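Here are some quick notes to read with the model open beside you.

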Amino acid sequence: MLPRFRFRLVLAAVLLLAGAVFAAPASDGIALAAPDAAAVRVPSSPDAWGGPRTGREPTLSDRVVHYDIAATLDPVKHTVTGRERLTWRNRSNVAVSRVYLHLYMNAFENAGSTYFTERRTRDGTFRSGVDIKDAWGHIALRRVAQGSAGVPWTFVHPDNGPATDHTVVRFDLPQAVAPGASTTLDIDFVTQLPRVVARAGYFGTFHLVVQWFPKIGVLELPGERGATAPRWNVHEYHLNSEFYADFGSYDVKLTVPRGYTVGATGEPQGAPVDKDGMRTWRFAQGDVHDFAWTADNQTARPLVDTWSGPGSPTVTVTVLYPPEFAASAAPALKAAKESLTYFSNTLGPYPYRTLTIVIPPYNAEEAGGMEYPTFFTAEAYRTVEPRTVNQFALAFVTIHEFGHGYFYGLLASNEFEEPLLDEGLNEYWDNRMMRDQGQLAYIATPLLARLGFAPGYPTFDAERTATPRHDPADPPGANAWHRLQDIGPVYTRTAILMRDLEAHIGRAPMGRAFKEYYRRWKFRHPSTADLRETLAEVTGQRAVVEDMFERQVYAVSRVDDSIADLASTELMPLPGAHESQSAVDKRIAAARAAWRKTHPDGTGPYPYRTDVTIRRHGAPVPQTLVVKFADGSTETARWDADERWHTFTWTKPAKAVSAELDPQRLHYLDVNKLDDSRTLAPDARASHRWGFEFAAAVNYLLALIATL
């Protein structure tokens, strides 16, 4: 919980100037989601969100809200003046007398917002860490009406953030919305864009207009994501959180000066209309939960292509890019089309007719690597040469942002409370795609590649290196903002734990389970428990799945097994009261001489006792131990016990050569794979095999991942 700032009087003056009213109406009894809400443990009811979408319904989603917006961009002042007609349906069985909306752009209104408070108190930067200086952003409500009646509003703080945070507003409705009924709110607003920061804003003539309009929160019902009574799920804009909203439809008119190229969520509705030096575009899209757009008069001629696949409509794929990054356009288009094919085949058909990719211009890198429905931003590079870090980063970011179109877009999980369901699962599926296509993570600069130094590594191996394994502090199932190690491990640790789960239960069962997860939960906002149940049911490995979720999703546990000792000792006669050492030595020599006459294979007359001691410094995981012997034989042992150490013993004719834990590499969460094997003779192969653990280089490479 963040400390509250003590300038209530100043706040009151500001709110009154903004038109806010402090008199609260009588409560309608609908609570807000808890400020510490995180991964859900109780599965949703079968009819949550209207039940699974079969494809026979008149719309892809159960549309809860419709936005009709007319907006005009002033590219000099960097403002968007908008008129919004918001029609919202009350899905609950109780009358609703107040509704809650996000005013996300107010995260950049002042240094006292929740976003900037967390950024300051955590002594860190976000994404590229750009300082917007005095180029603040905000969203001002000019008028709110329900029919002919004005609607008073009040800023609220669902997460107990500072009073100077204005990212959540409550509308006190003059007329309550009856169960099953709808209401329409007319909202006039002005959005001031900030200098591009944290996914949004402008630089020069480039404008990325996202989270720019008043957006209603989600009213969850009993049986949905752990709710036991109707509740508003509406969190403040945190440093590391992203978004959550109801499905609906959008009809948006965008007016910009002629000469500006526009890209947006959804499908263009006819040709743009010109009037008085301005051009108005109209875009519409159903069955999405957000709307984003861009405008720039420096955009090069767009790169346009089409894609089609079984069960999908023909998709128009458009890449908008600045001239200085023309080299990035074709590789981004290629990666996007490959992603359309892979995700459609492995999860389900892409259902929309458009996909727009935006490559930000120079000095606007904060705008890169962000996702919205049918629209995302990628990375920007002047050169994209084979087997270089630029090639890998552009491909991976494009795949990653497209993948959000499924995990954030179509499944629409709650990224505030359960970021692992979007960032984590998407990261896993992106790595799976790159693995299946044989794509490697390259770290070489263009110069090094031209000089012949261009190493590439399996992306899951690189992902493993980037995640905290020695001392993980936060469960992947924690919410987005209450994290000691920030949001990065949500991406990397979730990807690795899902990879480890796949290694245990098999690629094919994991693939079937994820396909079923998508089929059941598309357009329905699943929870972590819903994912767990689907994986358990489809794979038939409930015990394995539940153990992984309990130890590594809802909690976080260090995994650290190692071979502590390997000894292989020849069992020869020993001296004692009845036989001296010299007599024993003579007997041993005679036995060896006799053995060599009949056994030229290099063994001996005496067996070897081999002892392998395994240590456990973390959570128990099922382990396999393989011991190899000089005669070519092997012994395999399973270690499933919850104990801190164990010694395995074999007595065999041959001496042991090596011992290895986890030979199939099932446990990428393990702290150190170098201590998983030992040899009796010096052998550098283990260090060569795992020598890719060059943390600095890979962390540089993957630092971008935790900001996407």
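1. Let's start with β8, which is mostly covered: of its 10 residues, 7 are buried (buried means under 20% relative accessible area, exposed over 50%, partly exposed in between, with a 1.4 Å probe and protein chains only). Strands here are DSSP runs of E with at least two residues, helices are runs of H or I with at least four, and both are numbered from the N terminus.

2. Before going on, the ground rules: this is a predicted model, where local features need pLDDT of at least 70 and side-chain atom pairs count only at pLDDT 80 or more, while totals for chains, interfaces and linings use all residues. Residues are numbered from 1 along each chain as its sequence is written, and side-chain values use heavy atoms, with hydrogens and water left out.

3. Now the sheet around β8. It is an open one of 4 strands, ordered β7-β8-β4-β12 with antiparallel pairing (two strands pair if DSSP finds at least two bridges between them). β7 (153-155) and β12 (215-216) each have a single partner strand, so they stand at the edges and one side of each lacks a neighbour in the sheet.

4. W153 has F171 as its bridge partner in β8, and F155 has V169. Towards β4 (residues 96-102) there are 6 bridges, again antiparallel, with V96 opposite V177 of β8.

5. On to the rings: the structure holds 35 aromatic pairs (Phe, Tyr and Trp rings, the six-membered one for Trp, with centres within 6.5 Å; planes under 30 degrees apart are stacked, over 60 edge-to-face, the rest tilted). Y67 and Y250 count as stacked because their ring centres are 4.8 Å apart and their planes are at 10°. Y67 sits in β2 (residues 65-74) and Y250 in β15 (residues 248-257), so this pair ties together parts 183 residues apart in sequence.

6. Two charges over rings deserve a look (NZ of Lys or CZ of Arg within 6 Å of the ring centre and within 35 degrees of the ring normal). The charged end of R382 sits over the Y362 ring, 5.8 Å from its centre. K652 lies over the face of F629, at 4.9 Å from the ring centre.
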